[in-house]
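Subject: A structure for you to look at

Hi there,

Here is the structure I promised to hand over. Have a look at it first, and then read on for what turned up.

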Amino acid sequence: MPAKSKAQQQAAGAALSAKRGETPKAELKGASKQMVESMSEKQLEEFAATKTKGKPEHVRK
C-alpha cells in the first residue's frame, strides 16, 4: 500500500530506520512512533518507498 501523503512517507522512513536499529526509537515523534510498533518492516518499506511527486503534504481524515 503506498503512502497517501509526503508526511506519511517521511514518518514511515523514520520508523523503518528505527526498526532496523539505525536510529534510536527514543528520537521518534508522532506517527512514526506508532508505526514502528504496529507495522512490519515490509509494510514500512512499501510506505517509505512511495514517490512523493504529486503527493500532498498532509491528507485530512
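Let me begin with how the chain meets itself. Among contacts in the protein with a separation of 6 or more, 60% are between residues 24 or more positions apart. Please keep in mind as you read that this is a predicted model.

**The overall picture**

The protein has three helices and zero strands, and along the sequence this reads as the pattern α-α-α. Its radius of gyration is 11 Å, while the globule rule gives 10 Å for 61 residues; the two values are close, so the protein is as compact as a globular protein of that length. If you draw a box along the principal axes, the C-alpha atoms fill roughly 30 × 20 × 15 Å.

What about inside and outside? Of the 61 residues, 30% count as buried. The accessible surface comes to about 4,500 Å², and carbon and sulfur atoms account for 51% of that.

**The charges**

Side chains of opposite charge can pair when their charged atoms come close. How many salt bridges does a search of the whole structure find? The search finds four, and here are some to look up on your screen.

Start with Lys6 and Glu57, which form a salt bridge whose closest N and O atoms are 3.6 Å apart. Lys6 belongs to helix H1 (residues 6-19) and Glu57 to the segment after helix H3 (41-48), so this pair ties together parts that are 51 residues apart in sequence. Lys6 counts as partly exposed because its relative accessibility is 25%. Glu57 is also partly exposed, with a relative accessibility of 48%.

Next, find Glu45 and Arg20, whose side chains meet in a salt bridge with an N to O distance of 2.7 Å. This pair links distant parts of the chain as well: Glu45 is in helix H3 and Arg20 is in the loop between H1 and helix H2 (31-38), 25 residues apart.

Because Lys42 and Glu46 are four residues apart in helix H3, about one helical turn separates them. Lys42 has 57% relative accessibility, so this residue counts as exposed, whereas Glu46, at 36%, counts as partly exposed.

Ser17 is found in helix H1. Is Ser17 buried or exposed? Its relative accessibility is 14%, so Ser17 counts as buried; the cut-off for buried is under 20%. Which residues does Ser17 touch, leaving aside its neighbours within four places in sequence? Those contacts are with Glu22 and Thr23.

I hope you enjoy exploring this one.

Best wishes

Terms used:
Residues are numbered from 1 along each chain as its sequence is written. This is a predicted model: local features need pLDDT of at least 70, side-chain atom pairs count only at pLDDT 80 or more; totals for chains, interfaces and linings use all residues. Side-chain values use heavy atoms; hydrogens and water are left out. Helices (H or I, at least four residues) and strands (E, at least two) are DSSP runs, numbered from the N terminus. Buried means under 20% relative accessible area, exposed over 50%, partly exposed in between (1.4 Å probe, protein chains only). The radius of gyration is taken over C-alpha atoms; the globule rule is 2.2 Å times the number of residues to the power 0.38. Contact means heavy atoms within 4.5 Å. Accessible areas come from the Shrake-Rupley method with a 1.4 Å probe; for residues, only the protein chains shown count as cover.
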